[in-house]
Amino acid sequence: MLTVNAIAAPSATEPLVRTTIERRDLGPRDVLIEITYAGICHSDIHTVRGDWGKVPYPLTVGHEIVGHVTEVGTEVTLHAVGDRVGVGCMVDSCRECENCLAGHQQYCERGNTQTYAAVDRDGTVTQGGYSTHIVVVEDFVLRVPESIPHEAAAPLLCAGITTYSPLAHWKAGPGKKVAVVGLGGLGHMGVKIAAAMGAEVTVLSQTLSKKEEGLAFGAKHYYATGDPATFETLKNSFDLVINTVSAPIDMGAYLNLLRLDGTFVSVGAPPEPLPIQVFTLFGNRRSFAGSSIGSIAETQEMLDFCAERGIAPQVEVIGADEVNDAYERVLKSDVRFRFVIDIASLR
């Protein structure tokens, strides 16, 4: 077992602290990654604070991971020592169910193995990327193109794929009108990717405080949802609405923004249920859907897409001792637009 430096949550109410965790010995198809950067996702905060259920404390979170391969198992063929790689929200799946066999590991019928707070195949609890090293089976390790700035690559492994997947599935592109709700870590990536796909993009944010940035990311229009007139002005306007916020919203108002056969997709996950009046769906044959990250193949497709088009998240790099402050700032929406931990500060 390899003992490595890490940052962990002792409980739901205590600050995160420096600690050490153990990584399993390499199996024949495992890859050892020395982590260079790890993004801070709102999901990390929800998890460590117990918003989504019971947590196996102490827990190291982080599922936006980029680094270099330092060692490989005897049967590894997909990666080599020195490769620039990434790890996202899952590190394994059953590989036997219908969804896995179809290449949709994120929808594994037995539940994919999450990068943290899950039971790994060796019976241990998975620990995430706020650490100096991680061991992952080769099939769940991604190739990170060199053209993507190293410190900006990590958030693509969650924020990037979480928005890319529904945009690709619902065919955002030329002739399609797409609205992105929220301009945070996920939202700003949704705007960049949808615009690169050729869609006409509108940002729906609480205020106009980020309008200049939203337009710079590729949006054509920007509206404040704090203004009730916005929902009347934009009624029946969009083919696709991507909701990235993790807070309750007025579902009726947002569903009414959809034109005929339009779809509202939630990728943000508020702890509270989202109430829906079914009659709102009847109008314009609207659909309400959810989307969870992406498959391994789709995540690689997203990384290559971003590399080819020069797309990268806007990040604020912080040291290991700034994580607790960063969490509070995320909750206050005081980040432009994703915190990334420089793991060198943890060594």
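Reader: Is Val278 buried, partly exposed or exposed?
Author: Val278 is partly exposed, because its relative accessible area is 40%, and partly exposed lies between buried (under 20%) and exposed (over 50%), with a 1.4 Å probe and protein chains only. This is a predicted model, in which local features need pLDDT of at least 70 and side-chain atom pairs count only at pLDDT 80 or more, while totals for chains, interfaces and linings use all residues. Residues are numbered from 1 along each chain as its sequence is written, and side-chain values use heavy atoms, leaving out hydrogens and water.

Reader: And where is Val278 placed?
Author: Val278 belongs to helix α9, residues 278-282. Helices (H or I, at least four residues) and strands (E, at least two) are DSSP runs numbered from the N terminus.

Reader: Why is helix α4 said to be largely enclosed?
Author: Helix α4 covers residues 159-169, and nine of its eleven residues are buried, so the rest of the structure largely encloses it. Among the buried residues are Ala159, Tyr164 and Leu167.

Reader: What covers those buried residues of α4?
Author: The cover includes the strands β10 (177-181), β13 (238-243), β14 (258-266) and β17 (338-342), together with the helices α5 (185-197) and α10 (296-309). Here, contact means heavy atoms within 4.5 Å.

Reader: Let us turn to the sheet. In what order do its six strands come?
Author: The order is β12-β11-β10-β13-β14-β15, in an open sheet with parallel pairing. At its edges are β12 (221-224) and β15 (287-290), each of which pairs on one side only. Two strands pair if DSSP finds at least two bridges between them.

Reader: How many bridges join β13 to β14?
Author: There are five, and the two strands run parallel. In one of these pairs of residues, Phe238 has Leu258 of β14 as its bridge partner.

Reader: What is the phi of Asn236, and of Ile293?
Author: Asn236 has a positive phi near 60°, and Ile293 a positive phi of about 35°. Neither is a glycine. Most residues other than glycine have a negative phi.

Reader: Is each of them buried or partly exposed?
Author: Asn236, in the loop between α7 (229-233) and β13, is partly exposed because its relative accessible area is 38%. Ile293, in the loop between β15 and α10, has 11% relative accessibility and therefore counts as buried.
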